[in-house]
Amino acid sequence: MKYPTTKLPKVGTTIFTVMSQMAAEHNAINLSQGFPDFDGPKKLLDAVGHYITQGANQYAPMTGMPVLREEIAKKVTTLYGATVSAESEITVTSGATEALFAAISSVVQQGDEVIVFDPAYDSYEPAIELNGGVAVHLQLQPPSFHIDWQHLKDAITARTRMIIINTPHNPTGSILSAQDLEQLAELVRDTDILLLGDEVYEHIVFDGQKHHSLLSHPELYQRSFVVSSFGKTYHTTGWKIGYCVAPAILSAELRKVHQYLTFSTSTPMQLALADIMRDEPSHYHDLPRFYQHKRDLFNALIKPSKFSFAPGEGTYFQLVDYSAISDMGDVAFCQWLIKEVGVAAIPVSVFCQTPPQMKLVRFCFAKDDATLRQAAERLIAI
């Protein structure tokens, strides 16, 4: 039998799986894959059990439980000043990755160009290519990893269908400003270009800064899919529950894909999330303080090491430069770090078509303080 040619010739096992497997094999502290090593709020976990015992174990509506979509709509208004329809503009998905895929699939056609900014999250390009599109890679400008707006303007063509905006940015931790949104609006005004906002770290922004969502800019929102993650917000990445907010006309197209991709998402978990959003909005308001403590602790602990870094502005990741330690490429360095030091990180080059001329790796500090202290002890001993 002759098997068909692969549709994704550049795709292998994701780097997150590779590094996590290596960490397990070598008993290394896993600061690579982006997940907490602590649980979400007890009230949230208990509520899932309650709804299971109450019989909420069948399919949820395709667009998400109405009570959860109502709470999302209230949050969007409170945080971003936008009035959105829970019925026609909010769709609950099986993780943010599904929402990203469904958004791309719903509007990208053969030959369309989609602009992504490197380092770019690794799910973007496969989704673009599977739908016949072409990923156009633009490099964020180190060391601050900001967007070069002239470079973006020059890259826009008649075939540009979508621009993917990730803020706060994984893996660099950079964030967009209100001025950035204005420059973006100026570039796409009077075009048919759509925007996909990957805002899964929306509540993890530091040093008193503000998350400037596409939802907060009325002009931009009219051409945007905005994706968020309950897993990131409530320390429950294994639940794989996210959502997408988009104007009704775009949501209708996204839902056409969503209904045949996963159709619906865990019913008892949606109900539990609706409860905690209603009863404890303080949780997401407190996330910046919660994670800034961990960022500051980790950075203080590794300051005596040979790594150099500038504190990240958002997300629960910290980029570090290891050029004072080794001349190895970043993939080889991460492998060495696991085997010889006992700490796992992610190489930044895997997020780039053309990696920057820097020796950078990414650590995740969404870990218990004791885990961070143990990892730092090993890192400063290099």
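A nonpolar core is a set of buried Ala, Val, Leu, Ile, Met, Phe, Trp, Tyr and Cys residues joined through side-chain atoms within 4.5 Å. The exercises below concern a predicted model.

**Exercise 1. The nonpolar core**

Task: State how many residues the largest nonpolar core has, and which residues have the most contacts inside it. Then find the contacts of Ile72 beyond its neighbours within four places in sequence.

Solution. 
1. The largest nonpolar core comprises 126 residues.
2. Ile72, Ile163, Leu184, Phe225 and Phe363 have the most contacts inside this core.
3. With neighbours within four places in sequence set aside, Ile72 touches Ile90, Val92, Phe230, Tyr243, Val245 and Met277.
4. As a general background, nonpolar side chains in soluble globular proteins tend to be buried together.

**Exercise 2. Two crossing helices**

Task: Describe how helix H4 (residues 96-107) and helix H10 (residues 248-261) cross, and classify the residues of their contact.

Solution. 
1. The two axes, those of H4 and H10, come within 8 Å and cross at roughly 125 degrees.
2. An angle of 65 to 115 degrees would count as roughly perpendicular and one over 145 as roughly antiparallel; H4 and H10 are therefore oblique to each other.
3. The crossing of H4 and H10 has a right-handed sense.
4. On the H4 side, the contact is made by Glu98, Ala99, Phe101, Ala102, Ala103, Ser105 and Ser106. On the H10 side, Glu253, Leu254, Val257, His258 and Leu261 take part.
5. Sorted by class, the contact of H4 with H10 has seven nonpolar, three polar and two charged residues.

**Exercise 3. Cis peptide bonds**

Task: Determine whether the peptide bond from Pro142 to Pro143 is cis or trans, do likewise for the bond from Thr167 to Pro168, and locate Pro143 and Pro168.

Solution. 
1. Omega of the bond from Pro142 to Pro143 is near 5 degrees, and this bond is cis.
2. Pro143 belongs to the loop between strand S4 (134-139) and helix H6 (149-155).
3. The bond from Thr167 to Pro168 is cis, with omega near -10 degrees.
4. Pro168 sits in the loop between strand S5 (160-166) and helix H7 (178-188).

Conventions. Residues numbered from 1 in each chain as written. Predicted model: local features only at pLDDT ≥ 70, side-chain atom pairs only at ≥ 80, totals over all residues. Heavy atoms only, no water. Buried < 20%, exposed > 50% of the residue type's maximum accessible area, 1.4 Å probe, protein only. Contact = heavy atoms within 4.5 Å. Axes fitted to C-alpha atoms, helices over the stretch in contact; angles between N-to-C directions. Helix = DSSP H or I, 4+ residues; strand = E, 2+ residues; numbered from the N terminus. Parallel < 35°, antiparallel > 145°, perpendicular 65-115°, else oblique. Left-handed = near helix turned anticlockwise from the far one by under 90°. Nonpolar A, V, L, I, M, F, W, Y, C, P; charged D, E, K, R; others polar.
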